[in-house]
Amino acid sequence: MSERDVGDALEATGVAVRAAGDEDEVAGVRPRWVALPESAEEIAAVMRVCAAHDLAAVATGGGTKLHWGAPPRRCDVLVDLCCLNRVVEHAAGDLVVRAQAGVTVEALARALAEGGQELALDVPVPGTTVGGLLATGIAGPRRFRHGTVRDLLIGVTVVLADGTIAKSGGKVVKNVAGYDLGKLFTGSYGTLGIIADATFRLHPLPAARAWVTATVERPVTETYGTWTNEDGLTFETLTTDLDGSLATMVPAVTESPLEPSAMEVDWPDVSGRCTVAVLVEGAAAAERAKALCGLMGETAEVAEEPPPWWGRLPEHGGTGNTGGGEILLEVRNMPCRLADGFLGLFEAVREAGVRAAMRGSLASHVFHVALPPDTDPALVAGFTSQLRAGVGEEARVVVLAVPPEAGRRLDRWGHVGALRLMHRVKERFDPDRRLSPGRFPGGI
Amino acid sequence: MDPELIKDCVHCGFCLPACPTYVLWGEEMDSPRGRIHLMGQHVEGTPITDAMAGHFDACLGCMACVTACPSGVRYDRLIEQTRAVVEREHVRRPDDRAIRALVFALFPYRRRLRAMRLPMRLTRRLRAFLDQVHPSLGAMAELAPAVPRSVRLPPLVRARRRRRARVGLLTGCVQGEFFPQVNAATARVLALEGCDVVIPPRQGCCGALSLHAGREAEARKFARRTIAAFERAGVDTVVVNAAGCGSSMKDYADVLAGEPGWAARAEALRTRDLTEFLTELGPVAERRPLPVTVAYHDACHLAHAQGVRAQPRELLRAIPELELREIGESAICCGSAGTYNLVQPEAARELGDRKAERVLAAGADVLVSANPGCTMQIAAAVRRAGKGEIRVAHTAEVLDASLRGLEPGILGRSPIRRRMP
Amino acid sequence: MSELERLTARLAAVLPPGAVITDPVRLRTYECDGLTHHRATPGVVVLPDGAEQVAAVVRLCGEHGVPFVARGSGTGLSGGALPRTDGVLIVTSRMRRIVEIDIPNRRAVVEPGVTNLAITEAVRDQGYYYAPDPSSQQVCSIGGNVAENSGGAHCLKYGFTVNHVLAAEIVTPDGDIVELSAMDAGYDLLGAFIGSEGTLGIATKITVRLSRAPEAVTTLLAAFTSIEAGGHAVSAIIAAGVVPAAIEMMDALAIEAAEAAVHCSYPAGAGAVLVVELDGPHAEVEHQFAAVERICRDSGAFEIRVAASAAERAAIWKGRKSAFAAVGRISPAYIVQDGVVPRTALPRVLAGIDRLQEEFGIRVANVFHAGDGNLHPLVLFDDSVPGEAERAEIVSGRILDLCIEHGGSITGEHGVGVDKARYMPRMFTGDDLDTMQLVRCAFDPRGLANPGKVFPTPRLCGEVPGVRKGAHPLVEAGLAEQF
């Protein structure tokens, strides 16, 4: 079947379709068409054409994280959900909202604020849509208090590869009827289906917020020494240690009965100082923040506004988060493995000879690490394996974004325990591998 | 097995974690819910099989499930009825029959017990041999405490201050024979608190052991005799210091429900646990400091069957300088359970070991309990664990020491000290 | 010799002595869980003592094509652990070790038979607890909680089992032991597994999150003359931006039952009592308490009690937590329902339940988690009165219809099990259910794990990819459909 016929078939669905341009590339792969459905039914119509003509489809919302994940093996149709941009229902009395996939988190926040409520996440990439938030499962500082988007999602409507429209969950917070497809689709990078709309549980906007910030001049200290072996040979040694004040401050704050909502760190250059910031929310926020000050050393001070870097991913050289060359890694570890996180990063930077910026949650031990976009691809790969070795076996290092050249040289996902089951799930949902093929662990 | 009582169970399972045998084995049919289900099967026509009888026999009758049950299922009544049915309908293995016959020919009779004291002590040396013959015989030998000189109590102990009450005192068979000092302490405490204490000399067994083992006729006989003895003594309140005796005396009205005249006489007799009675009466005697750490053990027949948990703790806490510690899993039976440790020695031993571990973890100087069976069981388990002799005392002895201003060192020392390892 | 018999003969080889139950009298004690009107005597019961043993049994089931059902403490209220007469019941009550407590990392690793409350008891001294607290927490097992995604009174603020489980070792229906971890990249299979009611495998080791015990807890009991007034107070509390740890409501009939069972001494003459628990830092709780107290008074509370100690708090909760079983004191039989409605629809749904009571002459006691709209109507009946059980069953179903009409759910925490599978098509379309079953087919293409639960129609998964064999006998008989 010719390209022309396929284009006609897409046109025939009544969905707005245009030819793709350079700006529509998905991690370096250029689609042929861009479809702009306005409803779940229209997505389904596009997917049925894709099924009939064996077209591969990739969904996009704000396009802010389209370069995340591995490049798709193929991509014929980019399904742009920008037109599904309605907040369908905000039931303030029930603390729930249903929004279409193309609504940006900023627009959603504005709508909810009118009712004095919020989706208690700090989405770290501006312009992210509800669909993109779910597909990547990205989260911000308050993951410590409220969890990630999976914990706030209560219902979802998805369109499968064959055009089936299915929903799970509902619009009540408490609901265990049937499998929770929302969880399965969260963080699935568009490989199981296309999310059309989602329903979330909300929280009242806190009466007040306060931040406590403190700086640590040298989070990692190096000590030179000597070591003599059995044969009397003397070696120079270099040992690294986590700054003692940081090591004691973190558990003191996170385990404090003052219940901070988040504890974050910004470490723009691993050879320099870092800033720690703690968020307190509630009517007595100021009072609690003052009490927390006492746990955070001499530099601690209370602020009414967040530090400028709060709730944003680390950046390098002003490329922003949407730039093509973004190199971004996520490190997850057990909460008390703080030293491993800092020392592992410090040593990986030194060994690989790169520059790195780190930001993330001290409370949950989820950090993001950014390298400058112009970092040599070979060094990126070296840095990634150094980092994996340095943070320990229990930790996970995932390469969220990396230019294609560097991406080919490294393992993006790290250890995934249940990969075989994941393949089987993919086979059931998308047996012909038409949805974002190859973007996910194990080539899913 | 009253079908109406069985129907009260809604199968919620709240009794499971309270049941000692479920805690041990994790099997539905060895939980109260499972046993009630088995009773239901029997009512529906399933004959009592060996398996079924085994699960009923394995029940300690600790009644922790009665406390745990939100639906108010009368498991206590159900298991008593069931035991009677098992006794009537089920033919036990010959060795099992022999052991049961021995136990019930011995324990409810003080004179026979007294005669047995010496042989029991001797048999402790033969423990390993007896264990091989039958585990129950081994258990019996292991449990027997070294016996102090017998204490003879007068028929009346007068109030030591202005008289506030006149009560009867049940001396009990095991308590009376193996722990006579407890009865003496009880009488002294009551007298010091202003009570005339009447102690009928020929009161005999209250029937608790028989009742809890499904030997109905025997239990009724003992009940009638006990009621008559206290009626003759002219008291309307009987103070009891042994948990098992207290709980069965409180059930007399039910036990004798079918006997014209007796039910009303049973109703007329007020039975109170010592601690219950003292709390109701209120303290007047001076408590002197007793600098000692005690761990209080809830006897099932006190805590679960009679609901008496707060009173003993309250009395102990009121003693100056005494520190009270709680024992982990306090609601779980120690495995003594009347004659259980004699007829189900393996399970009883496991429970005893579990309890001993927690008692030792409490790290107190003295273990305090209100039941002679528990005391013997836990002391034996501690000995088995290689931790030597644990100091044990009855609540009455602790109160007695405080009221008389004795040194805490005497608690649980001399009378029960053993001569043999 | 049936496949089950052949399998049973091989069980002794993979299990320790005493772990296989075949005696018919014993087997029957496992015929139901907490929901007694569905009964089936299991073909055989096994009591494994570890993951390897569970896996070995599951592999044997696979070899013989015999279905298996997992059971924890047997307290479920939807018949999720209803055995199969032709299958194996795998009981986890002997797998009850707390494997590891790791306070610095705020987590504990436990076996599935450990009770919910046992985790809290193990860490309480260190100032931590396990947050989900189903009413049966003293007995229900963590394995069962994972299967049902159990909630509890405090999930309004703290969420459900799925929000507190960090990893699970599971035995898949193939008999493989697989680790599902929230740390790993890839699909959130852990999230999908939790709440799948034993149809995707059996959890054999569970890593749970431990929560820091709050600095302050205040429990308040407010008595209202009517359920409407209580409902108004709940709405006003939420509107004021307060998120209590729990808001529970009981109506007059439920109060009567609780009173009879545990003598909780709730205020006399109350048409409804509201239990509100606030927790968090002292300063916040003070603020919130002032607001809640004012709202309750403004909404017409005629008596407000505040628990000043842990013992008083326990006394207030005792009435609520024992309410289900306590209904046994005022009615020979009852059905516990578990519907959910958007909280703002509560007054309309309660009025609807009132109409049903009148229409069918059946009493309904209401106990509910008012904060999240999770209703537990207790439909009372006397099974010795002919026809009453049937009428109660109809009322119970109608209540679920009311919930669905108002945009709610047929189950908030008890699960679908065998009891509500038939209501699933009222809440979901065929496409919704088919899509859910794709997950089932991925994990358990032969449908051996807890078949007959959750989904109304068994679906056969076919081969992957695409090659279909001849028509399956079940399809021909019209008993099943094939993808």
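# Briefing: sheets, helix packing and chain contacts

In chain A, helix α11 (residues 377–391) lies across β18, β20 and β21, running at about 150° to β21(A). The model is predicted: local features need pLDDT of at least 70 and side-chain atom pairs count only at pLDDT 80 or more, while totals for chains, interfaces and linings use all residues. Residues are numbered from 1 along each chain as its sequence is written, and chains are lettered from A and ligands numbered from 1 in the order in which they are written.

Helices (H or I, at least four residues) and strands (E, at least two) are DSSP runs numbered from the N terminus. Two residues are in contact if their C-beta atoms, placed from the backbone, lie within 7 Å. Axes are lines fitted to C-alpha atoms, for helices over the stretch in contact, and angles run from 0 to 180 degrees between N-to-C directions.

**Eight-stranded sheet of chain A**

- Eight strands of chain A form an open antiparallel sheet in the order β17-β12-β16-β15-β19-β20-β18-β21; two strands pair if DSSP finds at least two bridges between them.
- Within chain A, β18 (residues 327–332) and β20 (residues 366–371) pair in the antiparallel sense over six bridges, and A:Ile327 has A:Leu371 in β20(A) as its bridge partner.

**Residue A:Ala357**

- A:Ala357 belongs to strand β19 (residues 357–361) of chain A.
- Why does A:Ala357 count as buried? A:Ala357 is buried because 20 other C-beta atoms lie within 10 Å; the classes are buried at 20 or more other C-beta atoms within 10 Å of a residue's own, exposed at 12 or fewer, and partly exposed in between, with C-beta atoms placed from the backbone.
- Not counting residues up to four places away in sequence, A:Ala357 touches A:Trp267, A:Pro268, A:Asp269, A:Pro314, A:Glu315, A:His316 and A:Ala370.
- A:Ala357 and A:Arg388 are separated by 31 residues in sequence and by 16 Å in space, C-alpha to C-alpha.

**Five-stranded sheet of chain A**

- Another open antiparallel sheet of chain A has five strands in the order β5-β6-β10-β8-β9.
- Its edge strands, β5 (87–91) and β9 (165–169) of chain A, each pair on one side only, and the twist averages 10° from one strand to the next.
- Strands β8 (residues 153–159) and β10 (residues 194–201) of chain A run antiparallel and are joined by six bridges; A:Thr157 stands opposite A:Asp197 in β10(A).
- Helix α2 (residues 40–53) of chain A packs on this sheet, touching β8, β9 and β10 of chain A, and its direction makes about 40° with that of β8(A).

**Contact between chains A and C**

- Of the two pairs of chains that touch, chains A and C have the most contacts.
- This contact takes 71 residues from chain C and 66 residues from chain A.
- On the side of chain C that touches chain A, α16(C) gives the largest share, nine residues.
- By class, that side of chain C has 32 nonpolar, 26 polar and 13 charged residues; Ala, Val, Leu, Ile, Met, Phe, Trp, Tyr, Cys and Pro count as nonpolar, Asp, Glu, Lys and Arg as charged, and the others, Gly among them, as polar.

**Chain B and its contact with chain C**

- Chain B contains 24 helices and nine strands, and 52% of its 421 residues are buried.
- The contact of chains B and C takes 24 residues from chain B and 30 residues from chain C.
- With four residues, α3(B) gives the most to the side of chain B that touches chain C.
- That side of chain B divides into ten nonpolar, ten polar and four charged residues.
- No contact joins chain A and chain B, and their closest C-alpha atoms lie 21 Å apart.

**Helix pair in chain C**

- Helices α8(C) and α10(C) pack at an angle of about 145°, their axes 9 Å apart.
- The contact is made by C:Ala233, C:Ala236 and C:Ile237 of α8(C) and by C:Val292, C:Ile295 and C:Cys296 of α10(C).
- This contact of α8(C) with α10(C) has six nonpolar, no polar and no charged residues.
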